[in-house]
Amino acid sequence: MSFIRGRFHKSADKLVTEYTASISFDWRLYRHDITGSIAHTKMLAKQGIISGKEAEVIIKGLASIAEEIEQGKFQFNLELEDIHMNIEARLLEKVGEVGGKLHTARSRNDQVALDLRLFTKEAISDTLVKLREFQQALISLAEANKGVVMPGYTHLQPAQPVLLAHHFLAYFEMIQRDIDRFNDCLKRTDVMPLGSGAIAGVAYNIDRDFLARELGFSRISQNSIDAVSDRDFVVEYEAAASLCMMHLSRLAEEIILWSSAEFNFIELDEAYATGSSIMPQKKNPDVAELVRGKAGRVYGKLIALLVTMKALPLSYNRDVQEDKEGLFDTVDTLLSTLEVFTGMIRTLRVKAENTEQAVKRGYILATDLADYLVNKGETFRTAHDIVARLVSYAMDKGKSFGELSLTEYQGFFPLFGEDVYSITVESSIAARDVIGGTAPRQVGKALTRAKDIIEKGKGVPDVQEN
Ligand code: ARG
C-alpha cells in the first residue's frame, strides 16, 4: 500500500495503479536517485536539519539498497508507483523511522528532475565517446583509401570526380556538428534542480551550492517553478539524437546503394551482413537498413515529447512522466546504432577498381572542359553552352571525350588544342584546390585536421588555413 494515500479511504483501483505507475521503466534511474538522496542527506546533516548520526544511518541504508538492486535482489513494487517511492519505502523497512527524514526539504518533483538530469548528463558523455569512435572509423577508412577516386553525385547522377576520402570526411564534419550539439545540450542539462521542492522552493535552510558540488553540477536552477516542470533538456537530447540519426541514415543509405550489384563499390564484412531465408545468393545490408529505419523511431520520440509538453500549464504535471521511455529508448537506440555502425565502417572493404571504373563512365569531366574554355577566354556561360552541345554530339556518336578527335573538338570551338586531352579525372580532382575542396592536398589537410580534432578534443579551430 502506497504511503501517499493517507487522505484517502479507499485504495486505488487496480487498473489505476497499473496505469499511473512508472516503476516498470523508471527503475533505470535507481543509481541517480540514490546518488541524489545521498547528497541530499549529507546536505541536511551539514545544515543541521538532521543529525550526523541520522545521516550516517540513512546513507548506509541507501548504499545497501543500491547493492540489492544491482544484485537483482530488490523487489520492485508497482503499488509504490515509482523508483523514488520504492527506494524510500525500502529505506524505511531497513533503517526504521529515521528513514522518514530523507524526504525533508524535498519533493518527488525536484527529485525526478534531478534524476533525469543526472541520467541525461551521463547519456551525453556516453554518446560523445561513441561519436568520437565513429569519427575515428571514418578517418581510418579515408586514410586506408587515400588515393581512391569515385564519382561525386548530385541528384544521384555522376557530377564530378572526387576522392573517396573526401566523401567520407563529409560525414566526419556532420558528426563533428553533432558533437557540438550534444556538448551544447550538456550546458543546459548541467543545472541542479534540488531545492525547488514541489513547486515553490523549500522552507528549510538548505545549501543548494553544496548539493551542486556534491553532484557534479556546474550551476543551480534559478526558478523553482521552471525547474520542476520543464523537460527542454530532454527535448534537446532527442533533437540532437534525431539530427545525428539523420546523418547516420544518409551514410546507411549509401552503404545500401554501394553494396548493391548495380553500384558494387563496397563489400560488407560478413559479420555485418545477413543472409536470406529463401534466396541463398543474397548478402543483405540489414544493419544499414535498420540504421535507416531506426532514424524514424528516434524522430518519433522527439515529436512525442514535444507534443506532450505543448501547452502544458505550469508547473509539474503528471504528463511529463511520459518523458522517460522515449528518452531511454532514444539513448539506447543511438548508442547501439553508433556502436554497430562503427564496426561496420571499420570492416567494410572499398572496391577501388569499381569506383575508378565508374568515374570513367559518362561525361563527368564536362565541368573541366568548360573550365578549360574559360581559361581560353570564354565566359563560363558560353563555355557551358559549348560543352553541352559537345556532350550531346559525343553521345550521338557513342564516343567518350577522349575518343573525340581534335577536329571534332574544334568544330565546336576553334581554340580547343591538344592540351584538351590532358584533362583527366586526376587533373580534375587536383584542380579543386580550395579549402574544403577535393584536391589531394586539401583532403590531406582535412585528414590532419580531423585527426587533430580527435586527439586534442576541443581547441582546434574549425577554419582551415589555405
Ligand atoms: N513518476 C513521476 C514522474 O516520473 C515522479 C514524480 C511524481 N510527482 C508527483 N507529484 N506525482 O514524473
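1. E81 sits in the loop between α4 (52–70) and α5; helices here are DSSP runs of H or I with at least four residues, strands are runs of E with at least two, and both are numbered from the N terminus. Although E81 is not a glycine, its phi is positive, about 70°. The residue is buried, at a relative accessible area of 13%. Buried means under 20% relative accessible area, exposed means over 50%, and partly exposed lies in between (1.4 Å probe, protein chains only).

2. The model is predicted: local features need pLDDT of at least 70 and side-chain atom pairs count only at pLDDT 80 or more, while totals for chains, interfaces and linings use all residues. Residues are numbered from 1 along each chain as its sequence is written, and side-chain values use heavy atoms, with hydrogens and water left out.

3. On confidence, pLDDT is the predictor's confidence in each residue, from 0 to 100. Its mean over the chain is 95, and 98% of the residues reach 70 or more. Residues 459–463 stay under 50, and the model has four contacts for them beyond four places in sequence; contact means heavy atoms within 4.5 Å. Where pLDDT is low, the predicted coordinates should not be read in detail.

4. The secondary structure of the chain comprises 18 helices and six strands. The radius of gyration of the chain is 30 Å, well over the 23 Å from the globule rule for 466 residues, so the chain is more spread out than a compact globule. That radius is taken over C-alpha atoms, and the rule is 2.2 Å times the number of residues to the power 0.38. Along the principal axes, the C-alpha atoms fill a box of roughly 100 × 55 × 40 Å.

5. Of the 466 residues, 48% count as buried. Among contacts in the chain with a separation of 6 or more, 75% are between residues 24 or more positions apart. The accessible surface comes to about 22700 Å², and 53% of this belongs to carbon and sulfur atoms; the areas come from the Shrake-Rupley method with a 1.4 Å probe, and for residues only the protein chains shown count as cover.

6. The chain carries 56 positive and 66 negative side chains, and the centres of the two sets lie 2 Å apart. Lys and Arg count as positive and Asp and Glu as negative, with His and the chain ends not counted. Each charge is placed at NZ of Lys, CZ of Arg, CG of Asp or CD of Glu.

7. A cis peptide bond, with omega about 0°, joins L314 and S315. A311 is not a glycine, yet has a positive phi of about 65°. A311 is exposed, with a relative accessible area of 68%.

8. F233 belongs to helix α10 (residues 232–258) and is buried, with a relative accessible area of 1%. Apart from neighbours within four places in sequence, F233 is in contact with A113, L116, R117, T120, C185, R188 and T189. F233 and L186 are 47 residues apart along the chain, with their C-alpha atoms separated by 8.2 Å.

9. E93 lies in helix α5 (residues 83–95) and counts as exposed, at 59% relative accessibility.
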